[in-house]
Amino acid sequence: MELRVSVSGYLDIVGEIIRFKNRLKSLFRAEAIATNENSFYKNKVRVKELANPSAKFVAENLYRQVEFLEQEKLKYRDLFEKNRKRYRPIRNLMTVPGISIVRANIIAAIVCQPARFDNKHRFWGYCMLVRHIQKSGGRIYGNKRFFGRRELRNVFVGAAENVIRTETQLRNRYDLLRAQGVEHQEAKLNVARQIASICLCLLKNNDTYNDNYAEYLKERKQLRVDFFNQ
């Protein structure tokens, strides 16, 4: 419960920051002012570009609110660090490429009981990483996403984006898919599903990740088979 409450508070702040940032951008776009540069949310001087006095007033307040919330969000890092020291599953998750301390806390808090997922496919659905194709008579008449937790989808897709900038087996998987003609977005989603599968496996087995984890699982499964066959 402590872990879930802390993660819920963090996600609430992130949601508020996104809402204020979208409102801030809309003020500039209403006057056809570009907001594309990376430093836009930190560059308060840009308020002077607004011609409408009311828009300037609102923008100044929004800049202050975003700055305040960003500072509050940083405080959760200390809390998440304490969670890392207290909970082994979080430390295990952080051994997976792309899974930061924030992402590890979110996964552990939301998944909570990994045994409730019979297999990786059900977990993918819960993470909203797959779609349900509705087909009848050889014709597709619907394509909808499973009901689940969008926070987990954001975590795993974000982790995949980080992974494809590294030199790991997961990056090799992405490169192989691209070489086979798979589009970037689909290849990235495939890597996100692989990361989700690994995280579920680590949580179920209280294990850590290495870059040859797939081979390691095969060897361990064979050892179990040999043991029960004795």
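Predicted model: local features only at pLDDT ≥ 70, side-chain atom pairs only at ≥ 80, totals over all residues.
Q: Fine. Which residues form the one aromatic cluster?
A: The cluster consists of Phe-28, Phe-40, Tyr-41 and Tyr-63.

Q: And what lies over the face of Tyr-41?
A: Lys-21 does, at 4.6 Å from the ring centre.

Q: Where does the charged end of Arg-116 sit?
A: It is placed over the ring of Tyr-126, 5.1 Å from the centre of that ring.

Q: Back to the pairs. How many aromatic pairs does the structure hold?
A: There are 9 aromatic pairs. One of them joins Tyr-10 and Phe-80 in an edge-to-face arrangement, with 5.3 Å centre to centre and 65 degrees between the planes. This pair links distant parts of the chain, as Tyr-10 belongs to helix 1 and Phe-80 to helix 2, 70 residues apart.

Q: Is Tyr-10 buried or exposed, and why?
A: Tyr-10 is buried because its relative accessible area is 11%, and buried means under 20%.

Q: What about Phe-80, buried or exposed?
A: Phe-80 also counts as buried, at 0% relative accessibility.

Q: How are Phe-117 and Phe-123 arranged as a pair?
A: They are edge-to-face, with 5.0 Å centre to centre and 65 degrees between the planes. Phe-117 is buried with a relative accessible area of 5%, and Phe-123 is buried at 0%.

Q: What follows helix 4?
A: Cys-112 does, and its phi is positive, near 60 degrees.

Q: Now the whole chain. How many helices and strands are there?
A: The chain has 9 helices and 2 strands. Their order from the N terminus is α-α-α-α-α-β-β-α-α-α-α.

Q: How much of the chain is buried?
A: Of the 230 residues, 39% are buried. The chain exposes about 14,300 Å², of which carbon and sulfur atoms supply 51%.

Q: And what share of contacts comes from residues 24 or more positions apart?
A: Such residues account for 54% of the contacts with a separation of 6 or more.

Note on methods:
Residues numbered from 1 in each chain as written. Heavy atoms only, no water. Helix = DSSP H or I, 4+ residues; strand = E, 2+ residues; numbered from the N terminus. Buried < 20%, exposed > 50% of the residue type's maximum accessible area, 1.4 Å probe, protein only. Contact = heavy atoms within 4.5 Å. Areas by Shrake-Rupley, 256 points an atom, 1.4 Å probe, with all protein chains shown as cover. Phe/Tyr/Trp six-rings, centres within 6.5 Å; stacked < 30°, edge-to-face > 60°. Lys NZ or Arg CZ within 6 Å of the ring centre and 35° of its normal.
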